[in-house]
Amino acid sequence: MVVVPGPEGQEVGPTDVLTWVWFPERSLPDGQTEPAEADLDGFWAATAFALDIVFTDGTRLSAGSGTDSARDQYGDAVTPEAQDDARKQWVDQWNRRTVGLSAHAGRVVDRLEARLGRTDRPAPAPAPDPTAASASGFASAPASASAGVPADGVVRTVRGWLDDVRIEPAGPATGALPADARPLDHVRTTRGTHSSGTFSRGNNAPLVGLPHGGVFGLPMTNAADSRWPYAYQEHNRPSDNRPAIQAFATSHLPSPWMADRGVFQVMPSPLADPDVDRTARALGFDHVDELDGPHRYRVTLDEGITAEMTAGEFALAWRFTGVRSIVLDHHGVLRSCGVRIEDGTAIVDALLDDRAETPPHHVHLRIGNAVAEHTTVVDGLLRGSVEVAGDSDVLLGISTVSAADAVANLDAAGDFDAMRRHAEDRWVAELDTLRVEGATEDQLVSIYSGLYRAFLYPTRAGETALVHQDDPAGSPRHRSPYGDVLSEPIRDEPGPEVVDGPLTTTNGFWDTYRTAWPLLALLTPDTAADLAEGVVGHFTDGGWTPRWSAPGAEDVMTGTTSDTVFADLVAKGVDGFDLEQAYRSALRNATVPARDRRVGRKGSLPGLFRGYVDTATGEGMSWTLDAAINDWGVAVLADALADRAVAAGDDVDTARYRAEYEWFARRSLQYRNVFDRERGFFIGRTPDGAWRDDFDPDVWGSDYTETNAWGTMFTAPHDSTGVVELHGGPAGFDDAFARFWARRETGGTDRSGSYGFAIHEMTEARAIRMGMLGLSNQPAHHIPFFPMATGRHDDAHRVVRECLERLFVGSDIGQGYPGDEDNGEMSAWYVFATIGLYPLAPSTGTYVIVPPSVRRTVLNREGGSPTVIETTGSGAFIAAVTVDGEPWESVSIPHAVVVGASRIEVALADTPRGVGGGQPAGISLRAARVPRHP
């Protein structure tokens with residue numbers, strides 16, 4: 001025990017809370033930097049930490065038991081043992097805890113005690129480090145102890161760092177919002193920014209924009225970085241350990257792993273003649289002074305400056321107060337640039353080219369209250385500033401089409417107030433599509449911040465402002481990402497540079513098909529259809545749909561999963577996009593070997609004939625699995641077109657599409673060709689048909705995309721019945737799951753395989769602490785639900801609830817996710833699991849039912865009547881389900897039933913009930929068979 005100095009003598013107020021942040025270091029035997037599996041028992045020992053208040057009347061904060069005990073924001077008791085048992089802290093990461101003190105109002109603090117280590121595992125008391133430096137709050141100090149002897153008999157040092165200890169009234173700074181707060185008020189765009197390239201808690205940026213808009217606004221703590229431009233803490237200045245803004249910028253950031261494009265920067269300065277160096281011009285701030293919402297980002301900076309940013313469709317606006325100048329900067333080079341002052345407004349027109357192989361951006365900038373410009377353009381680099389007479393509104397229009405379009409885009413968006421008002425209205429309407437009751441404050445932040453991410457992506461590239469000046473009904477247009485900007489063409493034939501029609505961009509389909517697109521189909525089906533038409537636009541323009549769009553096709557990830565996106569929408573009755581053209585794109589993906597690595601399915605020649613992609617193709621086994629999922633999508637599209645042909649009385653097309661449905665349905669079972677029944681894993685096969693001879697299920701990479709053999713053990717979500725059969729039937733499948741949970745991920749370099757080092761997905765998977773379940777990454781997102789395949793619904797319920805309660809913490813310090821939040825997919829996973837539905841089997845038009853984690857959800861579906869999902873009782877298991885008063889016996893529920901129902905009631909229980917019949921939907925082995933290769 002260590003006494004933390006500072007709060008003694010402080011009287012507790014009626015709304016006071018105790019907060020602190022704790023950085024537990026990994027606990028390993030001396031000399032080790034990575035754990036072996038045997039070391040994991042003690043790896044998280046330093047998470048057994050809590051603060052306790054001793055009051056002058058002799059009582060303690062930690063006194064009491066059960067519901068009477070003091071609890072943190074996640075509902076866990078504030079004792080070292082309870083914090084350790086909760087498993088909600090990450091080692092080598094900051095972890096914040098907030099404890100309400102209202103029950104102790106009027107009491108006076110005698111002392112504050114820091115306790116490290118479990119009393120049920122005796123250890124010597126930790127001693128304070130005399131070299132510890134004081135910091136904000138009461139103290140910043142390391143605490144350490146020699147751990148008790150764990151099961152392996154190795155003594156470890158247990159150590160962590162305590163900082164920012166406070167007793168203060170609850171309010172926005174402590175995460176408290178008024179009872180009448182809107183969904184919009186719960187959105188934290190900084191959620192997921194406390195990340196890096198070595199460990200992700202989201203890897204987001206605090207982007208301002210419209211739902212599926214054409215440009216983002218971005219605050220940058222590192223103005224030189226096109227990948228991690230904003231970091232909650234990592235970019236803090238050494239001088240005072242505070243974050244600092246170096247620029248506010250335009251952005252089209254798809255993911256830090258893809259890099260930004262179209263980055264033009266402005267930065268307010270209190271000086272008339274500022275140093276324009278990015279570090280020198282930076283202004284510090286504190287996170288408590290940030291208002292981070294989707295419609296505006298506002299921050300109070302040092303030197304008395306305030307900055308606020310908002311967005312239009314293809315426009316941004318900033319309002320700066322307390323300024324004397326605006327610094328101008330950008331990434332890349334300017335192909336042309338002009339700066340002038342007219343009637344007190346500085347005007348900048350430039351053509352920005354900052355990412356190879358992508359269309360350049362025309363930028364039109366207006367700086368209000370300007371008195372002089374001090375800029376130069378040398379070798380395509382604009383440097384300098386515009387001097388202003390005082391507060392200044394800065395407005396920007398952007399376009400890939402033309403300079404005139406950039407001007408028109410700004411004019412259509414209006415001034416700062418008009419943009420902010422419109423952005424707020426749009427986000428209020430979008431977030432209102434899902435309302436919840438009975439959620440904690442942390443759940444509300446997670447739900448609505450998640451919806452923000454899901455509605456932010458994908459983005460639209462089609463511009464209409466200039467077109468609509470002459471033709472209000474005119475089609476959007478965009479600069480083609482498949483034209484002259486490419487050094488190697490993807491198009492089969494040359495095409496136009498400016499294309500009429502929508503284009504949907506900034507999306508990684510390998511991620512988003514799982515949950516993000518299904519959430520759009522559930523809540524905003526008309527928008528989903530419109531965005532799907534924009535995906536078809538890639539095929540119309542470039543001849544292929546992309547695997548990853550940024551904005552054109554990128555050579556990233558496995559599978560042509562836009563096929564599955566289209567099919568899933570069709571299976572849910574979402575129309576409004578060109579189904580025939582979508583099918584043509586999917587058919588080409590499935591049958592034509594692409595000559596360009598950025599599109600199509602790799603290894604399809606000779607894979608189309610063998611029934612699998614062999615090891616001569618990188619990640620060939622993963623290509624096989626994803627092709628099976630995608631082929632099921634192609635089959636569903638063919639079936640929908642067959643139905644249309646029947647309705648039209650077209651016997652020829654009916655026969656054709658029915659035959660193609662059967663062909664692709666059979667092909668969708670070829671995932672079985674890479675499953676070794678003897679070893680119980682999907683394994684790569686060599687060109688001669690043999691199994692890979694250096695197989696180790698613990699090793700990452702090679703055949704496996706961002707995972708290992710354990711992580712792909714159940715990867716055929718469209719056919720859970722078939723996966724059960726591969727594992728030898730229900731008993732064998734259940735045994736496989738038992739082995740899956742028993743084996744633990746170490747994240748060690750010795751398991752890094754073809755990567756050659758421990759990639760961040762490996763160490764994030766270790767941090768999940770659930771066997772081999774790497775829920776920190778997309779390949780595992782279906783696995784918690786897969787026990788339902790053998791009727792073990794209660795086991796699935798238990799796992800899903802644990803994931804929700806443990807893994808999405810830390811939103812109050814820029815965390816909130818267990819891994820990369822990719823274009824809304826991780827967010828949508830959380831939203832679906834929280835409201836009690838999950839789209840487990842793609843392209844089937846169904847969900848599986850799990851226990852909702854909130855009391856009441858209202859789905860205010862775009863263009864439809866509301867559906868209420870309400871719970872009765874409490875617990876993590878389902879006792880019964882009714883739909884509009886009628887019993888619902890199946891674990892699976894069709895999308896049409898969900899959106900057509902007025903009320904779905906889920907009775908909860910504290911103990912397993914074995915409720916829910918049948919298995920998740922999917923293509924059954926009884927419906928179609930293909931020969932299994934030996």
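## Questions on a predicted model

Modeller: Ile245 has a relative accessible area of 0%, so this residue is buried. The model is a predicted one.

Biologist: In which strand is Ile245 placed, and which residues does Ile245 touch?

Modeller: Leaving out residues up to four places away in sequence, Ile245 touches Pro219, Met220, Thr221, Met267, Ala282, Leu283, Phe285, Tyr297 and Leu301. The place of Ile245 is in strand β10, residues 244-245.

Biologist: What separates the C-alpha atoms of Ile245 and Ala742?

Modeller: Along the chain, Ile245 and Ala742 are 497 residues apart.

Biologist: How does the radius of gyration of the protein agree with that of a compact globule?

Modeller: The protein has 934 residues, and a compact globule with that number would have a radius of gyration near 30 Å. The C-alpha atoms fill a box of roughly 85 × 75 × 55 Å along the principal axes. The value for the protein agrees with the globule, because it is 28 Å.

Biologist: What percentage of the residues in the protein is buried?

Modeller: A residue counts as buried under 20% relative accessible area. The protein exposes about 32,000 Å², of which carbon and sulfur atoms supply 51%. Of the 934 residues, the buried ones make up 62%.

Biologist: What share of the contacts with a separation of 6 or more comes from residues 24 or more positions apart?

Modeller: The protein has 20 helices and 41 strands. Among contacts with a separation of 6 or more, residues 24 or more positions apart account for 71%.

Biologist: Which strands pair with β17, and over how many bridges?

Modeller: Strand β16 (residues 306-311) pairs with β17 in the antiparallel sense over six bridges, and Thr306 has Thr321 as its bridge partner in β17. These two strands form a hairpin with three residues between them. With β24 (residues 392-399) the pairing is also antiparallel, and Arg319 stands opposite Asp393. The partners are therefore β16, over six bridges, and β24, over six bridges, as a pair of strands needs at least two bridges.

Biologist: Is β17 largely enclosed or open?

Modeller: Strand β17 spans residues 315-321. Five of its seven residues are buried, so the rest of the structure leaves β17 largely enclosed.

Biologist: Which strands are at the edges of the open sheet of three strands?

Modeller: The order in that sheet is β1-β5-β3, with antiparallel pairing. An edge strand pairs on one side only, and the edge strands here are β1 (2-4) and β3 (49-55).

Biologist: Which residue in β5 does Ile53 stand opposite?

Modeller: Strand β3 is joined to β5 (residues 109-116) by seven bridges, and the two run antiparallel. Opposite Ile53 stands Leu112.

Biologist: Is His212 buried or exposed?

Modeller: His212 is found in the loop between β8 (157-169) and β9 (216-220). Beyond four places in sequence, the residues touched by His212 include Glu430, Tyr457, Arg460 and Leu520. The relative accessibility of His212 is 0%, so this residue counts as buried.

Biologist: Which residues of α8 are buried?

Modeller: Helix α8 covers residues 516-523, and eight of the eight are buried, so this helix is largely enclosed by the rest of the structure. The buried residues are Ala516, Trp517, Pro518, Leu519, Leu520, Ala521, Leu522 and Leu523.

Biologist: Which backbone nitrogen does the side chain of Thr746 reach?

Modeller: Thr746 is in the loop between α16 (730-742) and α17 (760-768), and counts as buried because its relative accessibility is 2%. At 3.2 Å from the side chain of Thr746 is the backbone nitrogen of Gly748.

Methods:
Residues are numbered from 1 along each chain as its sequence is written. This is a predicted model: local features need pLDDT of at least 70, side-chain atom pairs count only at pLDDT 80 or more; totals for chains, interfaces and linings use all residues. Side-chain values use heavy atoms; hydrogens and water are left out. Buried means under 20% relative accessible area, exposed over 50%, partly exposed in between (1.4 Å probe, protein chains only). Helices (H or I, at least four residues) and strands (E, at least two) are DSSP runs, numbered from the N terminus. Contact means heavy atoms within 4.5 Å. A polar contact is a pair of N or O atoms within 3.5 Å; within protein, one must be able to donate a hydrogen and the other to accept it, and residues adjacent in sequence count only if both atoms are side-chain atoms. The radius of gyration is taken over C-alpha atoms; the globule rule is 2.2 Å times the number of residues to the power 0.38. Accessible areas come from the Shrake-Rupley method with a 1.4 Å probe; for residues, only the protein chains shown count as cover.
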